[in-house]
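Thanks for making the time. I will go through one structure this morning, starting with a sheet and ending with a pair of helices.

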Amino acid sequence: MPELPEVETTLRGLEPHLLGHSINDVVVRNAALRWPIPPEVFQASGRTVARCRRRAKYLLIDLDAQTGEKRCGLIIHLGMSGSLRICSAGDTPRKHDHFDLVLDNGHCVRFNDPRRFGALLWRSGPALNHQLLRELGPEPLSNDFSGELLRQRARGRKGAVKNFIMDGRIVVGVGNIYASEALFMAGIHPSRPAGRISAARYDALAAAIRDVLSRAIRSGGTTLRDYLNSAGKPGYFAQELLVYEREGKPCFQCGAAIRRKVIGQRSSYYCPSCQR
DNA sequence: CTTTACGCCTGACGGC
DNA sequence: TGCCGTCAGGCGTAAA
């Protein structure tokens, strides 16, 4: 699925179509997403989009509220296989097109998600106070994120560092692909206990996380299976992946065969000689 | 507190 | 051709 770069790419594509426009209607064809789409989302009808932003892998569409009314908006998550694209309001829905935000300009934002792990939620009150967002760690591309922070939070932890950096309470947005990539770039073995990594190596890891995520955003994200951006086009970062899904192929640094290992029920890829 | 396993879904693929 | 098992980019929840 969409990890942080894919969500960010989607946001950037949608924003010009949404900002300042009114949502005329919300069309729900299948409410059975990860959580049932709540009827409150229909309150979006007739409201203007005041702001589009991303927190972790959540897309936040903030709507204008009437005077004296609480702030409100929509929260969208793409799950494992979700995508949002701009369509003409009259386009025939395809399989797995579960909902539309119909805009005032003849376009709509259409959500497609074969596996239905995604979500559309309504929020009233500040978005960042929402239960799903409240406990999240820092954004990896912000100044709140650093190797020092990782080192502190890892103190005493015995679990694998790969699971540690994929824990959204530590740092958000690092999914299965970019976790493997960043650990390779930093030369750290994915199974190494998080509490047994030096401050210097955590600095390298934080830098690698920033670097891989920002490069992936520049390439429009990684398309391995489902991901498409808001214009229905794939991202191109897959061709820059160093270890992910390269089991048995030679390491680009040393030539050793890349290995795959299941850590925390997820496939992890690493170079047994470059990563310690 | 940390850590682990599971399940929500569909679809693609490989083996028989 | 079909059937079955496995796997897939997330993440909340329960339980250890």
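How many of the six residues of strand 7 are buried? The answer is five, counting over residues 107-112, so strand 7 is largely enclosed by the rest of the structure. Before going further, please keep in mind that this is a predicted model.

Now the neighbours of strand 7. Strand 5, residues 83-88, pairs with strand 7 in the antiparallel sense, over six bridges. Within that pairing, Cys87 has Cys108 of strand 7 as its bridge partner. Strand 6, residues 97-103, also runs antiparallel to strand 7, and five bridges join them. There, Asp97 stands opposite Asn112. Strands 6 and 7 form a hairpin with three residues between them. Gly106 sits in that turn and has a positive phi of about 90°.

Why is helix 5 described as largely enclosed by the rest of the structure? Because ten of its eleven residues are buried. Among the buried ones are Asn176, Tyr178, Glu181 and Phe184. The cover over the buried residues of helix 5 includes helix 1, helix 4, helix 6 and strand 10. After helix 5 comes Gly187, with a positive phi near 70°.

Of those covering elements, I will take helix 6, residues 199-218. Helix 5, residues 176-186, packs against helix 6 at an angle of about 130°, with the axes 8 Å apart. That angle makes helix 5 oblique to helix 6. The crossing is right-handed. On the helix 5 side, the contact includes Tyr178, Leu183 and Met185; on the helix 6 side, it includes Leu205, Ile209, Asp211 and Arg215. By class, this contact has twelve nonpolar residues, three charged and no polar ones.

That is what I have. I can take questions now.

Conventions. Residues numbered from 1 in each chain as written. Chains lettered and ligands numbered in written order. Predicted model: local features only at pLDDT ≥ 70, side-chain atom pairs only at ≥ 80, totals over all residues. Heavy atoms only, no water. Axes fitted to C-alpha atoms, helices over the stretch in contact; angles between N-to-C directions. Helix = DSSP H or I, 4+ residues; strand = E, 2+ residues; numbered from the N terminus. Parallel < 35°, antiparallel > 145°, perpendicular 65-115°, else oblique. Left-handed = near helix turned anticlockwise from the far one by under 90°. Contact = heavy atoms within 4.5 Å. Nonpolar A, V, L, I, M, F, W, Y, C, P; charged D, E, K, R; others polar. Buried < 20%, exposed > 50% of the residue type's maximum accessible area, 1.4 Å probe, protein only. Pairing = 2+ DSSP bridges.
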